Structure formats: structure tokens, C-alpha cells
Amino acid sequence: MNNLLELLKGCKKLVIMGLGNGLKGDDGIGVYVIKKLMNYFIENNNLNNEILKIKNLYLINAGTVPDFYTDILKEVKPTHLIIIDCALMNEPPGKVKIIKEDEIINYSLSTHTLPISFIIKYLKNFVNFDVIIIGIQPKIIDFCPMSKEVIESGNKLIETLINCIKKLNLTE
């Protein structure tokens with residue numbers, strides 16, 4: 001994750017989208033990260049928004065339907081899009097990895113209606129942006145709470161994202 005800031009070089013408008021199903025254990029990590037980021041930037045623990053805009057930062061809780069947000073992304077025209085999702089990568093639970101756009105097909109990402117690769121390809125017909133996919137290896141995907149390992153990784157990722165956002169002055 002050390003090279004995340006480098007991947008965000010030249011970022012003028014950032015959308016971070018969290019994906020997953022919060023009822024299915026570690027599959028909910030993308031949603032977990034987005035909700036924590038929303039609560040960080042708007043100090044309101046009861047925040048239940050799906051979209052939060054602060055200057056040039058957009059946080060989207062896309063859950064299991066990222067395709068529902070394509071029109072918003074076309075309107076916002078971000079320079080960079082970060083997608084956070086649980087990903088089966090044959091790694092230890094909680095492993096966080098940046099998945100290159102051309103490697104998406106090698107990983108099984110969480111439960112959503114359309115494949116992420118399809119959504120990105122569609123959006124690139126309308127908007128020129130860099131995409132960064134952050135996958136987190138689940139321990140368990142079942143109707144249960146998230147695992148300790150995945151929560152710890154999610155919390156570290158949140159810190160990294162906050163630091164990047166601050167260094168890029170996206171909320172100023």
C-alpha cells in the first residue's frame with residue numbers, strides 16, 4: 001500500500017467506492033471502509049448516506065450494486081477511482097493488494113450484480129480516469145461478523161486513505 005500515493009499522482013478529483021455485502025462476513029469490508037471514512041470526514045456516527053461529497057472527494061457506499069452509480073461517476077468525472085472490495089486471491093486472510101485493471105479477471109471479487117471489469121470498461125467510454133482496485137483477502141464469506149484479520153486490515157487501509165486524501169488536499 002506504500003505506492004498508493006504514487007498511483008494517485010495528479011489526482012484532482014477522487015471517488016472511493018466501497019463494495020460488498022455487510023451481512024456476509026468479510027465480503028462487507030469495502031462497505032466497512034467507506035462507512036468509517038464517511039464518519040471520519042463528517043463526525044457523525046449515525047451517518048447513513050450512500051454518497052458523501054467533500055470538495056473533490058466523493059465516497060460511495062455501493063454495496064452489492066456498483067452499477068447503480070455509473071451515472072453519478074459519469075457526471076462527477078473523477079480523475080481517479082478507487083474501488084475497495086473483498087477479493088479471493090489465495091493470500092492469508094486480511095492481505096491487502098492493489099489489483100491492476102488488466103488483472104481483475106484473475107480474481108473473484110465480492111458479490112455484486114455486474115463484474116467490476118464490465119463497469120470500468122463501460123465508464124471509460126464516458127470518462128478518462130485512472131482506476132485503482134484494492135482487494136482484501138477474506139477469511140470467511142458467510143452470514144457472520146467480519147473476521148478480526150480483515151477488520152484490522154480495513155482499519156490500516158482507512159489510515160492510509162486518510163493520509164493520501166490529506167496529502168492531495170482533496171477536502172480543502
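**Briefing: fold and packing of the protein chain**

Among contacts in the protein chain between residues at least 6 apart in sequence, those that join residues at least 24 apart make up 75%. The model is predicted, and its protein chain has five helices and seven strands, which follow the pattern α-β-α-β-β-α-β-β-β-α-β-α when read along the sequence.

**Burial and surface**
- Of the 172 residues of the protein chain, 49% count as buried.
- The protein chain has an accessible surface of about 8900 Å², and carbon and sulfur atoms account for 49% of that surface.

**Nonpolar cores**
- The largest nonpolar core has 31 residues, and Ile-16, Leu-37 and Ile-82 are those with the most contacts inside it.
- At least two residues of this core come from each of strand S1 (14-19), helix H2 (29-41), strand S2 (51-54), strand S3 (57-63), strand S4 (80-88), strand S7 (130-136) and helix H5 (148-167).
- Leaving aside residues up to four places away in sequence, Leu-37 touches Ile-16, Leu-59, Ile-158, Leu-161 and Ile-162.
- Another core, of 23 residues, lies apart from the largest one and includes Tyr-58, Tyr-69, Leu-73 and Leu-81.

**Thr-70**
- Thr-70 has its place in helix H3, which covers residues 70-76.
- Because its relative accessible area is 10%, and buried means under 20%, Thr-70 counts as buried.
- Residues up to four places away in sequence not being counted, Thr-70 touches Ile-119, Tyr-122 and Leu-123.

Conventions: Residues are numbered from 1 along each chain as its sequence is written. This is a predicted model: local features need pLDDT of at least 70, side-chain atom pairs count only at pLDDT 80 or more; totals for chains, interfaces and linings use all residues. Side-chain values use heavy atoms; hydrogens and water are left out. A nonpolar core is a set of buried Ala, Val, Leu, Ile, Met, Phe, Trp, Tyr and Cys residues joined through side-chain atoms within 4.5 Å. Buried means under 20% relative accessible area, exposed over 50%, partly exposed in between (1.4 Å probe, protein chains only). Helices (H or I, at least four residues) and strands (E, at least two) are DSSP runs, numbered from the N terminus. Contact means heavy atoms within 4.5 Å. Accessible areas come from the Shrake-Rupley method with a 1.4 Å probe; for residues, only the protein chains shown count as cover.
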